[in-house]
Amino acid sequence: MIRTLVALTALAVLSACAPAATPATTPSKELVVYAASSLSDTYTSLGRSFEAAHPGVTVKFSFDGSSTLVDQLKQGAPADVFASADRPNMDKATTANLLSGTPSMFATNTLTIIVPKGNPARITGLDSSLDGKKLVVCADGVPCGTATSKLAKLVGVTLKPVSQETKVTDVRAKVESGQADAGIVYVTDAKASGSKVDTIAIKKADQVKNEYLVGVVATSKNSSLASQFVALVTGSEGQKILSGAGFALP
Amino acid sequence: MFLAVPLIAMFGRVDWLRLPTLLTSPAATDALWLSLRTCLASTILCLVLGLPLALVLSRSSGRWATAGRILASLPMVLPPVVAGLALLVALGRRAWLGRHLSAFGIDLAFTTAAVVVAQTFVAMPYLVVSVEGALRSAQEHYEIVAATLGASPTTILRRVTLPLAAPAIASGTALAFARALGEFGATLTFAGSLQGRTQTLPLEIYLARESDTDTAIALSVVLLIIAAGLIAVTSVFSRVRGAPS
């Protein structure tokens, strides 16, 4: 039993290490983009069109929470482009001199309520219909959670969530699976959930905007390619893809 | 070296001056107590459910026993998120078992009980595997001797089998507790995260890391110390087991 486990572990370690050796042998250029999780769909398709326009260039992504990415950049992560889902995290990056030049705002995002298809708990909005229901939100301290508490304050309701998730995608997953009666997520998440959820707009939601910023990383060895990627995001093609996913444009 | 350096580095990064303040914040103490409470509950559950299972498995052979052994140790190698998804699919509000439970008024969703279920699911294999291994390896002839001397099966179980397996049971229990303490993925997926109810120490660390790395590291060090203590207990017992009897 133990011997089998050891063998399996060894195999797993080996197979995990194997692909890491290959990029060194390929001559093509690589652009590494660190972007907030909520950008994964839009940035992946932008990356594909960037690769099509720049033969020989591969765009590699690392999608994670903005603050995690800032932490990794601080530790010297080899990124060329950084896109943050909110201004405070981008500010953290600029004060630490991690970026060259001023980052540019390329999109905004607002919050909305999602409920499982058919709205079984009969939620009507950010109001008393949420009382006693299983509401899931983002935790304070992560961008979507900070926005949620700001919006709740603005509307004048006290939220009593049953769970505060670190990632907005976890909120989505809990509503999609029907575990939760309602969740507060970004408009873009609601759109990505598609027909698995119903969306209920929140009054005054447009007054709490999350700003998305992108910039070139100071230590980038491909800074001209990186600026071209930023130009793609802020340009008409990027803006078209972003607004198609539900982002509002600056 | 490879194992020690990151752990020692963590101690170097701790903000010792602010440590008491960091650890006494309501979120941190809530998480710590919740972790200890749920781990205790899940360890007891592991013992209640796992010991009989280990006994049965150690005394069976054939295809079904092999299948049982594989099933019983599977959660050990599953990525925790997968374990959480499996629990969700079985016990979620929309799942078949979950629906039957809620017909009886039991709603696990987002409760502390869900945390205990998740911890038990991932921790029990550690107990079962170590106890089953110990039971199977040596002592069947002791039991046979006891039986030929006229002891009843219950007496054999109470006086021979369990005492012989005691060190393995103790170390398996400590391992299960340690695994439950570190449980993260299944809890996050299945139980959610709310201060004082479902937000255990690892979840609080994950959240604190988003905004305040110092708190995250302080809590990590606490977790590290508890885990090290548990492993020390385990190794003491395994030395007892290794000693000639």
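Where in chain A does A:R122 lie? A:R122 sits in the loop between β5 (111–116) and β6 (135–138) of chain A. Helices (H or I, at least four residues) and strands (E, at least two) are DSSP runs, numbered from the N terminus. Welcome to this predicted model, in which local features need pLDDT of at least 70, side-chain atom pairs count only at pLDDT 80 or more, and totals for chains, interfaces and linings use all residues. Residues are numbered from 1 along each chain as its sequence is written, while chains are lettered from A and ligands numbered from 1 in the order in which they are written.

**Where the chains meet**

- In this model, 18 residues of chain A are in contact with 15 residues of chain B; contact here asks that two C-beta atoms, placed from the backbone, lie within 7 Å.
- On the side of chain A that touches chain B, β7 (163–165) and α6 (168–176) of chain A each supply at least two residues.
- The largest share of that side, three residues, is from β7(A).
- By class, the residues on that side of chain A are five nonpolar, nine polar and four charged. Ala, Val, Leu, Ile, Met, Phe, Trp, Tyr, Cys and Pro count as nonpolar, Asp, Glu, Lys and Arg as charged, and the others, Gly among them, as polar.

**A pair of helices in chain B**

- Helix α3 (residues 26–58) of chain B packs with helix α9 (residues 153–182) of chain B at an angle of about 135°, and their axes are 9 Å apart. The axes are lines fitted to C-alpha atoms, for helices over the stretch in contact, and angles run from 0 to 180 degrees between N-to-C directions.
- α3(B) and α9(B) are therefore oblique to each other; angles under 35 degrees count as roughly parallel, over 145 as roughly antiparallel, 65 to 115 as roughly perpendicular and the rest as oblique.
- Residues of α3(B), including B:C39 and B:C46, meet residues of α9(B), including B:A176 and B:F177.
- This contact of α3(B) with α9(B) has seven nonpolar, four polar and no charged residues.

**Nonpolar cores**

- The largest nonpolar core has 89 residues, and B:A176 is among those with the most contacts inside it. A nonpolar core is a set of buried Ala, Val, Leu, Ile, Met, Phe, Trp, Tyr and Cys residues joined through C-beta atoms within 7 Å.
- Helix α7 (residues 112–137) of chain B gives the most to this core, with 16 residues.
- A second, separate core of 37 residues includes A:V59 and A:L213.
- Leaving aside neighbours within four places in sequence, the contacts of B:A176 include B:T43, B:C46 and B:M124.

**A buried leucine**

- B:L135 is found in helix α7 of chain B, and B:L135 is buried, with 23 other C-beta atoms within 10 Å. The cut-offs are 20 or more other C-beta atoms within 10 Å for buried, 12 or fewer for exposed, and partly exposed in between, with C-beta atoms placed from the backbone.
- Not counting residues up to four places away in sequence, B:L135 touches B:A54, B:L55, B:S58, B:T161 and B:A165.

**Exposed loop residues in chain A**

- A:R122 has a positive phi of about 50° although it is not a glycine, and A:R122 is exposed, with 10 other C-beta atoms within 10 Å.
- A:N97, in the loop between α4 (87–95) and β4 (99–109) of chain A, has a phi near 55°.
- A:N97 counts as exposed, with 9 C-beta neighbours inside 10 Å.
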